[in-house]
Amino acid sequence: MNPWVGYASIAAVAAASTLIGFYGLRVSRTTGDFYVASRTVRPWWNASAIGGEYLSAASFLGVAGLVLLTGSQGMWFPIGYTAGYLMLLLFVAAPLRRSGAYTIPDFTQARLESTGVRRVTSVLVIVIGWFYIVPQLQGAALTVRITTGMPAWAGSLAVAVIVAAVVVAGGMRSITFVQAFQFWLKLTALAVPAVVILIVVAGGVPGIVAHAASLDPFPAAAGPAGLDVYRTVSLMVALLLGTLGLPHVLVRFYTSPDGVAARRTTVIVLALLTAFYCFPTVIGLLGRVFAPDLAASGQADALVLMLPGRLVPGPAGVLLTALVIAGAFAAFLSTTSGLVVSLAGVISQDMLGGSVRGFRIAAVLATIVPLVVALGTESSGLAGSVGLVFAFTASTLCPVLILGIWWRGLTARGAIAGMLAGGTLSALAIFGGGMLAAWAPGIRPFLEQPAAWTVPVAIAVMIVVSRTDRRGVPRGTDTFLARLHTPEA
């Protein structure tokens with residue numbers, strides 16, 4: 001791969017994102033602008049921005065890599081990522097917008113009238129955000145190393161610096177413009193190469209046919225017959241419910257003018273995600289025929305970057321590769337930007353007084369910690385690592401949001417106990433699963449995909465503890481729930 005193609009693509013995306021972000025600085029003046037864009041973002045803009053920040057490295061690179069590695073089993077990821085927004089539409093979007101809060105900790109404190117709940121929620125939001133940023137930086141490292149030959153750390157550092165600069169400059173209003181642009185760039189960067197490759201393959205270009213004949217494609221055993229029921233169910237629980245607790249996604253609903261706009265935004269997002277995920281799935285299936293060697297060499301996540309150059313000859317292949325590199329870098333920038341904004345809002349509100357200056361300091365802090373972690377670790381599969389973050393989120397923030405919106409009996413003690421139980425169990429499974437599985441091999445599937453049991457445990461603990469603490473139900477519960485569920489004019 002010509003390194004200058006990588007340099008030019010990355011530089012173009014970085015320059016465009018920075019210029020658009022600094023344009024947002026011109027219209028970002030108030031605290032409301034920095035936190036929630038003064039609640040004036042219309043559905044199509046907001047939906048594009050949500051697509052920009054939600055479609056991360058796991059979506060752009062990881063989905064195709066998983067389909068390459070596991071066949072039909074890898075398709076559950078795009079299904080779960082998209083269907084998670086249906087859960088948002090049904091249970092969270094409009095009520096959360098009506099709450100009037102800036103951040104998730106704001107919501108839990110207002111709902112349960114407890115600073116203790118706020119502190120626990122804030123810590124969880126920060127931890128989830130940091131662990132979600134790390135795969136984005138690792139994806140940037142992979143892309144820069146493969147496409148330019150530069151050291152991997154350069155990609156992580158470049159994304160961190162650009163994101164910090166854009167967020168510090170204009171906050172939420174600024175990155176709304178940037179993320180909307182980056183979504184359409186990502187969609188184009190996958191759709192165009194996928195369509196062109198299909199045309200080339202369907203045309204029976206001799207060199208391509210000969211290349212395919214020289215490789216050993218994956219066996220059909222990776223089809224539906226190889227389905228592991230428990231792992232699949234647990235993965236879907238994590239993806240469907242984990243989406244409800246992602247802080248950078250939820251904060252977007254605070255930017256809508258009203259609940260009706262929040263619901264419309266979610267419907268548009270569902271359509272955009274459905275269209276997007278068709279293309280990495282197609283590329284993954286093509287990779288199983290034309291590039292199975294990437295799986296054998298441990299480079300499955302690089303399939304999207306390398307397949308156009310292999311199958312499309314001449315300058316057209318170079319242009320498609322440049323487009324894919326640009327889209328990949330946009331994925332890292334957009335998701336990291338959304339996460340940094342949500343984390344900066346929480347850190348600033350809880351530790352730095354909630355001012356614009358505090359927001360800017362918090363944005364820098366929210367970027368530095370995951371950068372250090374990313375520089376000291378290596379990716380073990382982008383989609384898989386993000387899937388574990390979803391499992392942790394589904395076991396902690398999702399239950400408190402669902403019960404807080406839909407159950408009057410939730411108390412502060414119940415919420416704290418449930419979040420701590422779900423977080424402790426899922427963290428133990430994720431980080432200590434290797435040692436536990438070595439001691440008892442039979443429990444390995446339950447540790448590798450823990451959401452199917454950690455989520456029910458978290459919900460059960462919340463309900464049981466709240467039932468034993470009925471006097472702890474806040475006095476303002478009925479008034480608050482009425483505001484959440486009263487339709488807006």
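A nonpolar surface patch is made of Val, Leu, Ile, Met, Phe, Trp or Tyr residues with over 30% relative accessible area and no salt bridge, their side chains joined within 5 Å. A salt bridge is a side-chain nitrogen of Lys or Arg within 4 Å of a carboxyl oxygen of Asp or Glu. Accessible areas come from the Shrake-Rupley method with a 1.4 Å probe, and for residues only the protein chains shown count as cover.

The structure is a predicted model, in which local features need pLDDT of at least 70 and side-chain atom pairs count only at pLDDT 80 or more, while totals for chains, interfaces and linings use all residues. Residues are numbered from 1 along each chain as its sequence is written, and side-chain values use heavy atoms, with hydrogens and water left out.

**Overall fold and surface**

Of its 489 residues, 58% are buried. Buried means under 20% relative accessible area, exposed means over 50%, and partly exposed lies in between (1.4 Å probe, protein chains only). Among contacts with a separation of 6 or more, 86% are between residues 24 or more positions apart, a contact being heavy atoms within 4.5 Å.

The chain exposes about 18,200 Å², and carbon and sulfur atoms supply 70% of that area. One nonpolar surface patch, of about 380 Å², is made by Leu86, Leu90, Phe91 and Trp406. Helix α5 (residues 76–91) gives the largest share of the patch, three residues. Leucine 86 is in helix α5 and counts as partly exposed because its relative accessibility is 40%.

**Core**

A nonpolar core is a set of buried Ala, Val, Leu, Ile, Met, Phe, Trp, Tyr and Cys residues joined through side-chain atoms within 4.5 Å. The largest one has 131 residues, of which Phe60, Tyr81, Tyr85, Leu307, Phe329, Phe390 and Met419 touch the most other members. Helix α16 (residues 314–351) supplies the largest share of this core, 18 residues. Phenylalanine 60 has contacts that include Lys186, Phe276, Val304, Val324 and Ala331, not counting residues up to four places away in sequence.

Serine 56 is found in the loop between α3 (43–54) and α4 (57–70). Serine 56 counts as buried because its relative accessible area is 1%. Not counting residues up to four places away in sequence, serine 56 touches Tyr132, Gln136, Ala331 and Thr335. Serine 56 and lysine 186 are 130 residues apart in sequence, with a C-alpha to C-alpha distance of 9.8 Å.

Helix α17 (residues 356–375) has 20 residues and should span 28 Å at 1.5 Å a residue; its end C-alpha atoms are 29 Å apart, which agrees. The expected span is 1.5 Å times one less than the number of residues. Buried residues of α17 include Phe359, Ala362, Ala363, Ala366 and Pro370. An α-helix has 3.6 residues a turn, so residues three or four places apart point the same way.

**Salt bridges**

The structure holds six salt bridges. The table lists some of the pairs.

| Pair | Closest N to O distance |
|---|---|
| Arginine 231 and glutamate 448 | 2.5 Å |
| Arginine 413 and aspartate 469 | 3.6 Å |

Arginine 413 lies in helix α20 and aspartate 469 in the loop between α22 and α23, so the pair ties together parts that are 56 residues apart in sequence. Arginine 413 is exposed at 59% relative accessibility, whereas aspartate 469 is buried at 13%.

The salt bridge between arginine 231 and glutamate 448 has arginine 231 in helix α11 (residues 229–242) and glutamate 448 in helix α21, so parts 217 residues apart in sequence are tied together. Arginine 231 is partly exposed at 28% relative accessibility, and glutamate 448 is partly exposed at 34%.

Glutamine 449 lies in the loop between α21 (444–448) and α22 (451–467). Glutamine 449 counts as buried because its relative accessibility is 17%. Its contacts are Tyr230, Arg231, Ser234 and Leu235, not counting residues up to four places away in sequence.

Asp106, Arg118 and Asp350 are linked in a network of salt bridges.

**Backbone**

Most residues other than glycine have a negative phi. Glutamate 113, in the loop between α7 (104–112) and α8 (115–148), has a positive phi of about 50° although it is not a glycine.

Technical notes
Helices (H or I, at least four residues) and strands (E, at least two) are DSSP runs, numbered from the N terminus. Patches are made of residues with over 30% relative accessible area and no salt bridge: like charges are joined within 9 Å, nonpolar side chains (Val, Leu, Ile, Met, Phe, Trp, Tyr) within 5 Å.
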